[in-house]
Structures are given as C-alpha cells and as structure tokens.
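Trainee: I would like to learn how to read a few features of this structure, one at a time. Could we start with the contacts between side chains?

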Amino acid sequence: MEYIKKQMRCSRIGKSIVDQFYLDEDVNVPDAKEDVKGIIQGEGFVRIEEVREAEAHVTVSGKLLYHILYAAVGDEPKLSVLEGKLPVEEIIYIEKKENQQIQIRPSRVEFSAALIHSRKVGIRAMIELEAVPEEIREEENTVDIEVDAGEQLGLYKKKRNVNLLQMHTVKRDTYRVKEEFALPGAKESVREVLWTDITNQRLDIRIAPDELRLRGELLVFVLYIGENEKTEWVEQTVTYEGSVACHGIDECMYQHVYAMLEEPLIEVRMDEDGEPRRIGVEATLDLKIHIYEEDAFELLEDVYSLKEQCEIETQTAVYEELLLQNQSKCKVAERLVIPEMRTDVLQICHAAGTLQIDREAVTEEGLVVEGAIHVAFLYIKADDASPFACWQGMVPFSHIIEGQELSGDAIFDISSRVEQLSVNLAGGEEVEVKAVLTFDTFVRRPQALQVIKDVILSPRPMQEQEQMPGIVGYIAKEGDLLWDLAKKYLTTVDGIMEINQLEKEEIKPGDRLLIFKENISIL
C-alpha cells in the first residue's frame with residue numbers, strides 16, 4: 001500500500017499576555033532650551049529594538065520617545081518643545097511551547113509630564129505591551145491509499161470533504177511613505193516647527209498577483225512659528241499609495257495585516273520661489289502580514305477490508321476554517337462637560353485620539369468590542385500670557401461586529417484605528433466629540449480532525465468470519481450511517497442500497513434494512 005499525503009501549512013495563535021509597566025524619570029531641560037513656565041501637552045511612543053526569548057519569559061528592550069510642548073518663561077508668550085528618548089526594558093512572563101515564536105506588539109502608552117522646576121520635568125508613562133505566541137507548523141494528511149495491482153484486499157475507503165485555511169505567507173515588511181504638501185496661501189512661511197502629529201487615518205489593503213496594494217491617508221498637523229514670530233498651524237490630509245511584494249499570492253486569497261505607523265518625520269522644504277512653504281512627510285508602516293488560502297480537498301476518514309482486519313492509527317490535528325472577514329465602522333457621538341471650557345475658549349486647533357480595547361467577546365448578537373477613545377485636543381484661550389492649553393480625557397464606545405455561526409471557540413484578530421475625530425465647542429462648558437472607528441476583523445473557527453497515520457492489515461480469524469451472520473434484519477437508530485453498518489457486517493454501502501432499493505445513503509431512525517454479507521447471494 002502507498003499512502004497519498006497532502007501537506008498543510010498552518011498557523012496557531014496561543015493565548016496572548018498583556019503586560020503593563022510604569023516608567024518614572026526626571027529629565028533636565030537642555031541648556032539651549034528656554035526655561036519651562038508650564039506644560040501644555042506631551043506624548044510618548046515605544047520603539048521596540050530587541051526581543052530576547054527564554055524558556056518561560058521574554059525580555060523586551062527599546063526606547064520611549066517623548067515630545068513635550070511647553071510655555072517658555074519670557075516677557076512674551078512663547079512655545080517650545082522638549083524631546084528625547086529613555087531606555088525601556090521589561091520582562092514578560094509567558095508560557096512558550098516548542099516551535100513557538102513570541103510576537104511583541106506595543107498596545108498603548110499613557111504619557112504625562114509634570115513641571116518640577118523651570119529646568120526639570122518629571123515624566124511618567126504607563127506602557128502596555130501585548131505578547132502573542134505564534135506557531136507555524138507543517139502537517140501531513142492522508143488523502144488516499146493506493147493498493148498495488150497484485151494485492152487483493154477488497155479495500156473500501158470513506159472520504160470527507162473539507163475546506164480549511166492554509167497559511168501561505170507570514171512575514172514582516174515595511175512600506176515607506178514619502179509625500180509632501182504646500183502651505184495654504186493665507187499661512188505664513190515656516191521659521192521653526194514646534195509640534196507635529198501624524199496619524200494613519202485610513203488604510204485599505206488589497207491582494208493582487210504577487211503583491212499587496214496599499215492605499216491610505218495620513219492626517220498631518222504641524223504647529224509652527226512663522227516668519228513674523230506668529231504661532232501658526234496647519235492640518236492636512238495626505239494620501240499615499242504603493243505596494244509590498246508577496247511572491248505567489250493572488251486575488252483568491254485572504255489577508256490580515258497589522259500595520260503600525262513608526263518614525264513619522266516632518267521636514268520643511270523650499271518651494272519654487274525659495275520660500276520654506278512645503279512640508280515633507282515621511283513615515284514607515286511596519287507590517288505584520290498573514291496571507292491565507294482556502295484549500296478544499298477530500299480527507300481519508302476511514303477504511304476497511306472484507307478480507308483483512310484493519311487496525312487504524314489516527315491522531316488529532318487542529319486546523320482552522322474561515323468564518324468572517326470584514327471591515328466595519330462604529331460612529332461615536334458624545335457631549336462632554338468640561339469645566340475648563342468655562343473660560344474664554346477661542347478655538348480648538350487640533351484633536352487626536354487613540355483606542356483602548358477593554359473587552360472582546362462572542363455573544364448572540366455577534367462579536368462585541370468595548371473600550372474607550374483617549375481624546376486630546378489643543379485649544380486657544382483668551383489669555384495673553386498663556387494662550388494655549390490642552391485637555392485630555394476618555395470617551396467610551398461599544399461596537400457589535402455581526403457574523404453568523406460565531407461561537408465561543410472562535411479565534412479572532414481585530415485591527416482597530418480612529419478614522420475620523422472632531423471636537424467642537426457646544427456652548428458653555430460643553431464640547432461635542434464625534435468619531436468614526438474602523439475595525440478590520442478576521443475570524444476563524446478551529447476544526448479538530450482525526451487524521452489517519454497508519455493502517456495495519458492482518459488476516460481476519462476464520463472463527464470470526466464463520467460466526468458472522470450471513471443475513472441480518474436491522475432497524476435503524478439515531479446516528480446510524482450506512483458506512484458503519486457495512487463495515488460492521490462485512491458488506492458494502494452499495495450492497496445495502498441495492499438490496500433495500502435505496503436511492504440515497506441517508507437513513508432515518510425506524511428504517512428497516514436487510515443486510516447480507518458480501519459473499520452471500522440471493523437467487
């Protein structure tokens with residue numbers, strides 16, 4: 001006998017661990033910078049540089065990059081920026097099985113800066129990292145058994161149609177965004193950039209032959225000092241489009257990509273008149289790419305022989321089948337009462353938001369995602385001494401991703417982002433926050449299959465064959481299958497159907513059947 005095998009490349013995601021830790025540091029203001037009068041706004045980002053795996057833990061090393069916008073001491077209101085980086089190292093205890101690799105994803109950073117004195121600032125950051133164990137494995141499946149022409153085994157085979165997800169490509173790649181835009185005519189030329197905020201508002205990913213096609217939008221905010229020493233700002237949507245090579249993929253496959261915007265950079269460039277009025281935007285999209293394909297085939301499920309005893313060795317193999325891939329949007333609208341708005345607020349300059357996911361669960365309605373939007377907005381108030389201020393807070397959200405056949409054992413990957421965010425004055429102490437959240441969802445269901453590893457044939461004892469009745473009258477019970485009856489009574493499915501004049505293999509409880517051993521004939 002020859003076993004016909006089919007190779008399957010599968011991915012198995014283990015239980016993730018969310019690790020939180022705090023960083024408290026005091027930093028000195030460089031000599032070249034002005035004294036600090038008050039902190040307006042701060043933000044921090046984690047850049048992972050090294051992940052060292054051990055038996056029961058991983059050590060993550062990197063940097064916390066921080067930017068602090070502050071009001072400088074002086075006779076005239078002036079803004080300045082303090083920026084730098086602090087070393088970060090954290091040990092995450094996580095169970096790691098053989099052949100697993102641990103993927104580390106920066107989840108979020110809650111950053112705050114406090115004034116200690118005019119030359120020193122205290123930095124506090126809550127850093128959240130997600131550790132995800134992932135295993136890529138190759139599995140062999142028996143799909144058929146071929147018997148040599150000289151072997152007279154009378155071998156009967158039962159096959160099952162399956163449609164399983166197979167991992168085609170797993171890789172990490174980057175896409176470099178390089179774009180630029182011109183300042184509006186009413187804006188002053190740039191003398192000094194104070195503060196920038198670049199967020200990836202939209203990202204559409206499509207599979208094409210041998211590549212992933214990307215199309216996205218960056219929201220770029222630049223706060224700067226103009227040529228006439230006036231504080232100006234500009235907010236602009238910048239589109240980008242490109243591709244990342246992925247050999248062998250095509251439009252029939254499925255993708256799920258984690259994208260993170262890293263190392264955003266703003267560069268002031270000269271226009272055709274030699275004026276600093278063009279803004280260059282550069283950033284790196286770090287892409288964790290998973291490409292799947294559905295594979296439909298017949299899996300060998302059972303065998304038996306009329307002449308030989310068959311001892312079947314099986315093992316359990318867990319695969320996945322696709323349940324859902326979609327992109328859904330959640331609209332959020334909330335009015336907030338903020339006592340600080342009681343003062344004379346003139347204008348909101350810029351609003352930014354990040355998502356915090358607190359709960360993901362399968363319910364009867366679908367996949368529920370709950371959490372909060374961390375909102376921060378920079379505004380101008382009627383205070384000549386300190387005209388700029390920043391408010392930070394949270395807005396809750398709840399979203400249901402609808403899907404059929406979702407169950408508690410579903411495996412889901414969700415990429416989320418804030419696609420649109422606006423904060424508007426609503427009068428008095430109120431502001432109105434409106435947001436559109438985007439969720440890219442990829443849901444699979446584990447499929448446990450018994451896979452045949454070996455079939456051992458041995459002569460059937462003569463006594464067993466003689467004791468087997470030649471004719472059996474049988475009343476079908478719940479769960480009975482013709483295959484099982486044929487195997488038990490040493491006959492064939494076709495034989496039972498022919499004797500009982502059945503047109504299809506399905507039988508129901510109470511059906512009366514005559515079953516003849518294969519070597520019994522009726523005159």
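Mentor: A polar contact is a pair of N or O atoms within 3.5 Å; within protein, one must be able to donate a hydrogen and the other to accept it, and residues adjacent in sequence count only if both atoms are side-chain atoms. In this structure the side chains of His374 and Gln356 make such a polar contact, at 2.5 Å. The model is a predicted one, in which local features need pLDDT of at least 70 and side-chain atom pairs count only at pLDDT 80 or more, while totals for chains, interfaces and linings use all residues. Residues are numbered from 1 along each chain as its sequence is written, and side-chain values use heavy atoms, with hydrogens and water left out.

Trainee: Where does His374 lie, and with which residues is His374 in contact, leaving aside its neighbours within four places in sequence?

Mentor: Strands (E, at least two residues) are DSSP runs, numbered from the N terminus, and His374 lies in strand β16, residues 367-381. Contact means heavy atoms within 4.5 Å; with neighbours within four places in sequence left aside, His374 is in contact with Arg108, Glu110, Ala352, Gly353, Thr354, Gln356, Gly393 and Met394.

Trainee: Is Asp286 buried or exposed?

Mentor: Buried means under 20% relative accessible area, exposed over 50%, and partly exposed in between (1.4 Å probe, protein chains only). Asp286, which is found in strand β13 (residues 276-305), counts as buried because its relative accessibility is 12%. The side chain of Asp286 is joined to that of Arg172 by a polar contact of 3.0 Å.

Trainee: Which residues lie nearest the centre of the second largest pocket?

Mentor: On a 1 Å grid over the protein atoms alone, a pocket is an open set of points where a 1.4 Å probe fits, with protein on both sides within 12 Å along at least five of seven lines, and lining residues have an atom within 4 Å of a point. The second largest pocket is lined by 20 residues, and Pro77, Lys78, Thr231, Pro387 and Phe388 lie nearest its centre.
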